[in-house]
Amino acid sequence: MTMSDPIADMLTRIRNANTAKHDTVDVPASKIKIAIAEILLKEGYIKSYEIEEVGSFNNIHITLKYGKDKNVKTISGLKRISKPGLRIYASKEDLPHVLGGLGIAIISTNKGIVTDKEARKLNVGGEVIAYIW
């Protein structure tokens, strides 16, 4: 069976591992998922990620980030916005502000996968992939 929305699967795996307070989570790798993991690392939502070869395909091994004890989660929410059945696009003027700027929106632009703040700096719009706060 083929997966219809691999990005939603990645976000769900991270959400579930975070809720269960796991240290790590493995996600099947693709270029867009690696770009999303890079943004999560750069914005401080995860500790690290690395690409592992498992047989003939690659996995992204993500190490989640918590507070001093595991009661304080760095990621309090993940939401998939643009889905395969309903794509959501935002122009450069209409880029979303997640929780008044406390969260980030991940945008797929012609300059690559960037956050909403970077898209404003680059003065570009694109497909709104997900919100993270």
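The structure is a predicted model, in which local features need pLDDT of at least 70 and side-chain atom pairs count only at pLDDT 80 or more, while totals for chains, interfaces and linings use all residues. Residues are numbered from 1 along each chain as its sequence is written, and side-chain values use heavy atoms, with hydrogens and water left out.

The chain contains three helices and eight strands. Helices (H or I, at least four residues) and strands (E, at least two) are DSSP runs, numbered from the N terminus. In sequence order, these elements give the pattern α-β-α-β-β-β-β-β-β-α-β. The C-alpha trace spans about 40 × 40 × 25 Å along its principal axes. A compact globule of 133 residues would have a radius of gyration near 14 Å, and the 15 Å of this chain agrees with that value. Here the radius of gyration is taken over C-alpha atoms, and the globule rule is 2.2 Å times the number of residues to the power 0.38.

Of the 133 residues, 40% count as buried. Buried means under 20% relative accessible area, exposed over 50%, and partly exposed in between, with a 1.4 Å probe and protein chains only. Contacts, defined as heavy atoms within 4.5 Å, also show how the chain is folded: among those with a separation of 6 or more, 61% join residues 24 or more positions apart.

The account of individual elements may begin with helix α1. This helix covers residues 6-19, has 14 residues, and reaches 20 Å from its first C-alpha to its last, close to the 20 Å expected at 1.5 Å a residue. The expected span is 1.5 Å times one less than the number of residues. Its buried residues are Ile 7, Ala 8, Asp 9, Met 10, Leu 11, Ile 14, Ala 17 and Asn 18. An α-helix has 3.6 residues a turn, so residues three or four places apart point the same way. The buried residues of α1 pack against β1 (24-28), α2 (31-42), β3 (57-64), β4 (78-80) and β8 (126-132). Just after the helix, Lys 21 takes a positive phi of about 60 degrees.

Three of the strands form an open sheet in the order β1-β3-β2, with antiparallel pairing. Two strands pair if DSSP finds at least two bridges between them. The edge strands are β1 and β2, each of which pairs on one side only. From one strand to the next, the twist averages 25 degrees. Five bridges connect β1 with β3, and Val 27 has Ile 60 as its bridge partner in β3. Axes are lines fitted to C-alpha atoms, for helices over the stretch in contact, and angles run from 0 to 180 degrees between N-to-C directions. Strand β1 has a covered face, Val 25 and Val 27, and an uncovered one, Thr 24, Asp 26 and Pro 28.

Strand β8 is another meeting point. Six of its seven residues are buried, so β8 is largely enclosed by the rest of the structure. It runs antiparallel to β4, to which three bridges join it; Arg 80 has Ala 130 as its partner. Two bridges join β8 to the antiparallel strand β5 (residues 89-90), and Ala 90 stands opposite Gly 126. Strands β6 and β8 pair in the antiparallel sense over five bridges, and Ile 104 is partnered by Ile 132 of β8.

The interior can now be considered. A nonpolar core is a set of buried Ala, Val, Leu, Ile, Met, Phe, Trp, Tyr and Cys residues joined through side-chain atoms within 4.5 Å. The largest such core has 25 residues, and those with the most contacts inside it are Ile 14, Ile 62 and Ile 132. Two or more residues each come from α1, β1, α2, β2 (46-54), β3, β6 (104-109) and β8. The largest share, five residues, comes from α1. A second, separate core of 10 residues includes Ala 90, Leu 95, Ile 107 and Val 124.
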